[in-house]
Structures are given as structure tokens and as C-alpha cells.
Amino acid sequence: MAKNAAEYRKRFMPFKRTKPGIGAEHYVAHGRRPTIRGRLTQFGFGACLSHKLLHISDPTLPVQLNVFTYDENSYTEGKYKNVADIPTVPFAPMTPMTWIDVDGIHDHEIISAIGDRYDIHSLVQTDITTSEQRTKLDVLDDALFLVCKLIYRDIDRTGQIITEQISCYLKDNLLITFQETPKDLFDSIKNRIRQGKGRIRKSKVDYLFYSLLDVIVDHYMDVLDTLGTTVEEIDNQLMKKLKRDTLESIYDMKRDMLYLRSIISPLKEIIIKLQKEEETQIMQESTNIYLKDLFDHIVQVNDSIDTYREMLASFIDFYMMLNSNAMNQVVKTLTMISTIFIPLTFISSIYGMNFDNIPELRYKYAYFIVLAAMAALATLMLLCFKRKHWF
């Protein structure tokens, strides 16, 4: 299994551009068999969605519970391996906000223990541990449950684009996030909590929830910027030289865009639903203005995806046109050669007939005269073709 994972990693194509600040982990082979397009449905190694996108999960890493408890005046931070070690915080209107960031979803016992302690429904627990869930928002009796995808560039290691699942469970003054692997994507938010900067420590936990979504969407935009550069490179390749590898790159990129659209597009409806959410009273009215800004960013991301898809479709048409034009050039060249040889063949066939009375055959210089006439005829035809700009 580990050998297969190594073979998969050799096939991945890194990006050339670099930008610090985004990291990822190493991966191993483990878990279920691959399903559609090589992706794993649960607890699997990084399966290649295409040449650009890589889905990862590492079940060998221990699950870590990062707990932040904060209010406007103070905060506490702890790292735990067992749910029982997390300090109990009573849920009341004036209690501090609690964020539990769970790194790893492969340990069913820990997920079940979190579910039992914080009253998470068993079906929600199943959604958390299944890494190929569609993007969705469930409004429960007293909680919100969001499943979406993290997409980011592994700048520090391979340069690949990584995609993995993140689940958010929002309830009262509690936010629990479930990630497949440890990473530093949310370090900026954690530092704001530690340093008391911004609105996070002054606001309810719904603002923290918005902040996490904002970081996720920012990484979407960063990834699309990288893919946009790749689209421009494909455009330049089409203008320079016609190669089959270029067509394959176009189709790979189209699959990437289709996949990105399928996981990003539902976020528009989710943000609208969050703005109108009144059943649980978790989302505060003061957060709506930030959700509107987030909605604008998601619309921008979707518009970019649509633009790139249209460009790639036009690239395919342009490639086919160039290919057809190249074929036409070959056919035109062969046609001109055939046209030149038609009269030459006619002349040679006349003097190849086996008649007894062909007077010029007995002439001393007849052979040389016929060759010169044939050469002159071929030259004349070439000059005519040149004058008509046929080559």
C-alpha cells in the first residue's frame, strides 16, 4: 500500500509559483479502496483528483484537540489528546466562548466521545468522519452544522494544491471544527485570539465562525489565482506550438474547474441561509454585514471559475481549429505535389507506349529535350502556385 502511495505522489505536478504561509503534511496509504477518479471515500491517502488537485488524509497521525476558551478580557489555550481532559465550561449567556479545533477525523472513539459530551447527533458524527461529503449546511434544533472543503497550496513542501474536508459544529457559545490533518491555515485567527486583536474576543462565537469561513474563501481565491496563471500558460503554449500535451492539460484543467465549482457554488446558498437563520438564534444580526461581504467574495470566486471554464472551452475550439489548419496545410502540400506530377506522368506515359512508329524516340537528343520540358513545366507550375500564394 505504501508503495502505491509513493507511485501516486510521483505523478503529481507541482506549481512553480511560491508564496509563504501555507503548509501541509506528508501522507501515507491507508483505508478504503478508491472510488470515482481515484478519490477515497473515507480515511484514505491523498488521491489525485486530477493533475493539479490532491485530496489528503493521514490516519497515522494522532488526533489532537486544540482548545481555546476566551472572552474580551482573557483567554486560555490547551492541547489535549483525550476528550475527558478538556476542562468543562458551563454553557450560559455570560460564559466564555470555546473553540475546539480537532486535528484528525479517523479516530471514531474520539469523535464519538466528543459527540457524547457535546450532544452531537450520531448522523452528524457520521458526516464528520466521512471525508467525501458534499458542501452543505444543516440547521439542527439548537445547533448549526457545516461541511465544506479546504483548498490551499502546499507552498512549503510540494507546491501541490491540497483539498480536504472541514466540518464546523456551532452551538451556543461553542464552536467545534474537525479537520483531516493538522495545518497552519487558521494561525492568523489563533494569533488574534491570543493577542486580543480585532473583534473576535469582543464578539460571540458566530463571528469566529465567520472568520474561519473568510479564511477558507481567501484560500479559494489564492488557488484560483494559481490556476489562472496555469490557464495563461496554456494560452501561451497554444500560440507557440501545437502539442497533444496541451490538449491534455486543457482537459485536466476543465475537470479541476468542474470539481471546484461543485464544492464552492453551494456556499452562496449557505451564506444566504445563514443570514436568514432565525431558528437557533446562533447567528447574530451584527454578523450579517460580514456575511454579506463574504457572499460577495464567493460570488467573485464563482465568477472566476465560470470565466476560466469558458476560456478553457474556447481553448479546445482553438486547438481543434489549429489542428485542422495544420492538417489542411499537409493536404495542400500533397495536393500541389500531386498536381505537378500529373502532367509529368502524362508525358512519361506517352513515351512509355510500345508503338513501333514514334519518330522522336530515334532522335539523338530526344531524352534530354523531354527531361528539360518536364523540368520547365514543373517550374512553371511552381511559379504559378507561388504567385497565387498557395505556399
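Me: How many cavities of 30 Å³ or more does the structure hold?

Reply: The structure holds one cavity of 30 Å³ or more, where a cavity is a set of points, on a 1 Å grid over the protein atoms alone, at which a 1.4 Å probe fits but cannot get out, and the volume is the space filled by probe spheres set on points joined across faces, edges and corners. This is a predicted model, in which local features need pLDDT of at least 70 and side-chain atom pairs count only at pLDDT 80 or more, while totals for chains, interfaces and linings use all residues. Residues are numbered from 1 along each chain as its sequence is written, and side-chain values use heavy atoms, with hydrogens and water left out.

Me: Which residues line the largest cavity?

Reply: The lining consists of Asp101, Asp103, Gln179, Lys183, Leu185, Phe186 and Lys190, each with an atom within 4 Å of a point. By class, that lining divides into two nonpolar, one polar and four charged residues, with Asp, Glu, Lys and Arg counting as charged, Ala, Val, Leu, Ile, Met, Phe, Trp, Tyr, Cys and Pro as nonpolar, and the others, Gly among them, as polar.

Me: OK, salt bridges next: what does Asp101 pair with?

Reply: Asp101 meets Lys190 in a salt bridge, at 3.3 Å from N to O; the term requires a side-chain nitrogen of Lys or Arg within 4 Å of a carboxyl oxygen of Asp or Glu. Since Asp101 lies in strand E5 (residues 97–103) and Lys190 in helix H4 (residues 187–195), the pair ties together parts that are 89 residues apart in sequence; helices (H or I, at least four residues) and strands (E, at least two) are DSSP runs, numbered from the N terminus.

Me: Is Asp101 buried or exposed?

Reply: Asp101 counts as buried at 1% relative accessibility, and Lys190 does at 8%, given that buried means under 20% relative accessible area, exposed over 50% and partly exposed in between (1.4 Å probe, protein chains only).

Me: And what about Lys183, which salt bridge does it form?

Reply: Lys183 forms one with Glu164, the closest N and O atoms being 2.8 Å apart. That pair links distant parts of the chain, with Glu164 in strand E8 and Lys183 in the loop between strand E9 (174–179) and H4, 19 residues apart; Glu164 and Lys183 are both buried.

Me: How many salt bridges are there in the whole structure?

Reply: A search of the whole structure finds nine, and Asp127, Lys136 and Asp138 are linked in a network of them.

Key
On a 1 Å grid over the protein atoms alone, a cavity is a set of points where a 1.4 Å probe fits but cannot get out, and a pocket is an open set with protein on both sides within 12 Å along at least five of seven lines; lining residues have an atom within 4 Å of a point.
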